[in-house]
Amino acid sequence: MTSTTLSYASTTPTAPQAPDRSYSRPGFWRAPFSSVTYREIGHTLTSLPVAIAGFVFAVTMFALGVSTLVVWIGLPVLAAALGGARGLGAAERGRARGLLGLDVAAPAAPGAGLRGRLADAAGWKALLFHTVMFPWRVLSFVLSVTFLVTGWVVALFPAYSWVFHRYLDWPGYPIYDFTTDAGVHHAYYVESPVQIAAVSAIGFVLVFLTPQLVRGLTHLDRVAVRSLLGGTR
């Protein structure tokens, strides 16, 4: 009798890849009250001081390194600049992970010695990141703060509209109030219930548009972190 042995290929199941939480965005009507939105806003707000520190470090160290190349001191200075840019990049990946839900792998370690550090592509990309992202993050900060504060202040106008006629002796909130050289007085106050409701409606439009704006602003941050600060898994 011939004995036949059946062999079965053993396959090890692979763990499912964790979803990118940066795409689990809330719906339009829920976004202004979602923690995801305020984490993204927190990212744009904290990006300003981080961007200032990164830009000053990158520009100062690069300029110092290039200006001292003639006496060879510039080479270790540039190596230190690349190492520092890598460290700041690691902090940026952590901030993106916590506030944007973006998990990006760290790049491979640089080569050994001074030559290996100067040839570190990841270090140069990190140095570029801290330089080019500075103006964008200033713009993101200004737009986020402007839309967030203006939207809620205007939307909640009915809650404090009574202050103007009770304590300031105005009939309502003054849009304009001036007298021409010819003595003609022009004034427009937000005072009637319809006017107050219209102002509040404009505020709520801004409130609901703010998460979409912030999502668009942080999209470029996501792209930049992936392309300039990340490695391959």
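Mentor: E40 is buried, with a relative accessible area of 3%. Buried means under 20% relative accessible area, exposed over 50% and partly exposed in between, with a 1.4 Å probe and protein chains only. The model is predicted, so local features need pLDDT of at least 70 and side-chain atom pairs count only at pLDDT 80 or more, while totals for chains, interfaces and linings use all residues. Residues are numbered from 1 along each chain as its sequence is written, and side-chain values use heavy atoms, with hydrogens and water left out.

E40 takes part in a salt bridge with R215, at 2.8 Å from N to O. A salt bridge here is a side-chain nitrogen of Lys or Arg within 4 Å of a carboxyl oxygen of Asp or Glu. R215 lies in helix α7 and E40 in helix α1, 175 residues apart. Helices are DSSP runs of H or I with at least four residues, strands are runs of E with at least two, and both are numbered from the N terminus. Both R215 and E40 are buried.

R222 also forms a salt bridge with E40, and the closest N and O atoms are 3.0 Å apart. R222 is in helix α7 and E40 in helix α1, so this pair ties together parts that are 182 residues apart in sequence. R222 counts as buried because its relative accessibility is 3%.

The structure holds seven salt bridges. Another of them joins E92 and R137, with 2.5 Å between the closest N and O atoms. This pair links helix α2, which holds E92, to helix α4, which holds R137, across 45 residues. E92 and R137 are both buried. Salt bridges with shared partners join E92, R95, R137 and D221 into one network.

E92 is also one of the residues touched by H130, the others being G54, F55, A58, A85, L88 and G89, leaving out residues up to four places away in sequence. Contact means heavy atoms within 4.5 Å. H130 is found in helix α4 and is buried at 8% relative accessible area.

Now the nonpolar side. The largest nonpolar core has 18 residues, and those with the most contacts inside it are A96, L102, L127, F129, V225 and L229. Two or more residues of this core come from each of α1 (35-67), α2 (74-100), α4 (121-155) and α7 (193-229). The largest share, six residues, is from α2. Such a core is a set of buried Ala, Val, Leu, Ile, Met, Phe, Trp, Tyr and Cys residues joined through side-chain atoms within 4.5 Å. In soluble globular proteins, nonpolar side chains tend to be buried together. Apart from neighbours within four places in sequence, A96 is in contact with G101, L102 and V225.

How far can the model be trusted? The mean pLDDT of the chain is 87, and 89% of its residues reach 70 or more. Residues 1-22 have pLDDT below 50, and this stretch has 12 contacts in the model beyond near neighbours in sequence. pLDDT is the predictor's confidence in each residue, from 0 to 100.
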